[in-house]
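Visitor: I would like to go through the assignments in this model one by one. Please set each value against its cut-off.

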Amino acid sequence: MESLTPGMQLGRSIYNHRGDVLLARSTPLDETFISGIIQRGYRVVYVMDGIADDVEPLGLVSQRLRSATLGNLDSMFKLMAEATQPVRDEATVDGAHVLHELPTKLGGAVERQIKRLEADVEQLLDEVFDAQIFEGVAALKSHDNYTFEHSVDVAVYGVMLGQN
């Protein structure tokens with residue numbers, strides 16, 4: 001982000017947490033746009049470099065879906081914080097040892113948000129399986145078995161964490 005200068009053009013569209021386009025590909029950056037990008041917490045943007053400007057960088061998951069899912073996750077954390085606030089307040093007074101005794105009422109908003117996240121996961125899986133990543137995984141295995149095994153381990157741990 002510190003390398004951005006006015007006059008550079010975006011090489012890939014930037015989306016907000018709802019999946020709406022904030023700045024479209026090819027938009028020339030000025031100080032206001034750069035400041036806004038940084039203030040919104042973006043860590044990386046693609047810019048056109050004059051070498052392969054006709055090729056839009058693709059990711060495993062679309063930016064629109066990534067942004068929408070992150071927004072839904074953020075909403076979920078906020079809803080959970082609200083839903084558990086009374087329990088956490090009581091634990092502050094009585095001590096953490098009572099946490100397992102206190103019931104947590106999550107409510108309909110949390111359940112609706114869980115349904116949104118489930119839909120996001122389905123879309124993420126659809127995009128990943130459509131991306132033909134398996135060819136890349138096979139190439140990785142034939143090139144570097146250690147990195148392949150490490151990648152599989154990380155994926156397994158990620159799935160296990162996601163299920164808990």
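Visitor: How many salt bridges does a search of the whole structure find?

Guide: The search finds 2 salt bridges, a salt bridge being a side-chain nitrogen of Lys or Arg within 4 Å of a carboxyl oxygen of Asp or Glu. This is a predicted model, in which local features need pLDDT of at least 70 and side-chain atom pairs count only at pLDDT 80 or more, while totals for chains, interfaces and linings use all residues. Residues are numbered from 1 along each chain as its sequence is written, and side-chain values use heavy atoms, with hydrogens and water left out.

Visitor: What makes D74 and K78 a salt bridge?

Guide: Their closest N and O atoms are 3.1 Å apart, and the limit is 4 Å, so the pair is counted. D74 and K78 both lie in helix 2 (residues 63–94), 4 residues apart, about one turn of the helix. Helices (H or I, at least four residues) and strands (E, at least two) are DSSP runs, numbered from the N terminus.

Visitor: Why is D74 called partly exposed?

Guide: Buried means under 20% relative accessible area, exposed over 50%, and partly exposed in between (1.4 Å probe, protein chains only). D74 has a relative accessible area of 39%, so D74 is partly exposed.

Visitor: What are the values for K115 and E118?

Guide: The closest N and O atoms of K115 and E118 are 3.8 Å apart, and the two form a salt bridge. Both residues lie in helix 3 (residues 107–130), 3 residues apart, about one turn of the helix. K115 has a relative accessible area of 56% and is therefore exposed, whereas E118, with 41%, is partly exposed.

Visitor: How do you know that the span of helix 3 agrees with its number of residues?

Guide: The expected span is 1.5 Å times one less than the number of residues. For the 24 residues of helix 3 that should give 34 Å, and the end C-alpha atoms are 35 Å apart, so the two agree.

Visitor: Which residues of helix 3 are buried?

Guide: They are V110, Q113, L117, D120 and V128. D126 also lies in helix 3, but at 46% relative accessibility D126 counts as partly exposed. The C-alpha atoms of D126 and V61, 65 residues apart along the chain, are separated by 9.4 Å.

Visitor: Why is T69 called buried?

Guide: T69 has a relative accessible area of 10%, so T69 is buried. T69 is found in helix 2 and touches L117, D120 and L124, not counting residues up to four places away in sequence. Contact means heavy atoms within 4.5 Å.

Visitor: Which residues make up the largest nonpolar core?

Guide: It has 8 residues: L4, L10, I14, L23, L29, I34, I37 and V45. A nonpolar core is a set of buried Ala, Val, Leu, Ile, Met, Phe, Trp, Tyr and Cys residues joined through side-chain atoms within 4.5 Å. Leaving aside its neighbours within four places in sequence, V45 is in contact with M1, L4, L10, I14 and I37. In soluble globular proteins, nonpolar side chains tend to be buried together.

Visitor: Why does R43 count as exposed?

Guide: R43 has 74% relative accessibility and so counts as exposed. R43 is found in the loop between helix 1 (31–39) and helix 2.

Visitor: What is the phi of S26?

Guide: Phi of S26 is near 80°, a positive value in a residue other than glycine. Most residues other than glycine have a negative phi. S26 is found in the loop between strand 2 (21–23) and helix 1; with a relative accessible area of 33%, S26 is partly exposed.

Visitor: Which residues form a nonpolar patch on the surface?

Guide: V152, V156, Y157 and M160 form the patch, with about 370 Å² of accessible area together. Patches are made of residues with over 30% relative accessible area and no salt bridge: like charges are joined within 9 Å, nonpolar side chains (Val, Leu, Ile, Met, Phe, Trp, Tyr) within 5 Å. Accessible areas come from the Shrake-Rupley method with a 1.4 Å probe; for residues, only the protein chains shown count as cover. Y157 lies in helix 5 (residues 145–163) and, at 53% relative accessibility, counts as exposed.

Visitor: What is the pattern of the protein chain along the sequence?

Guide: The pattern is β-β-α-α-α-α-α, from 5 helices and 2 strands. Of the 164 residues of the protein chain, 23% count as buried.
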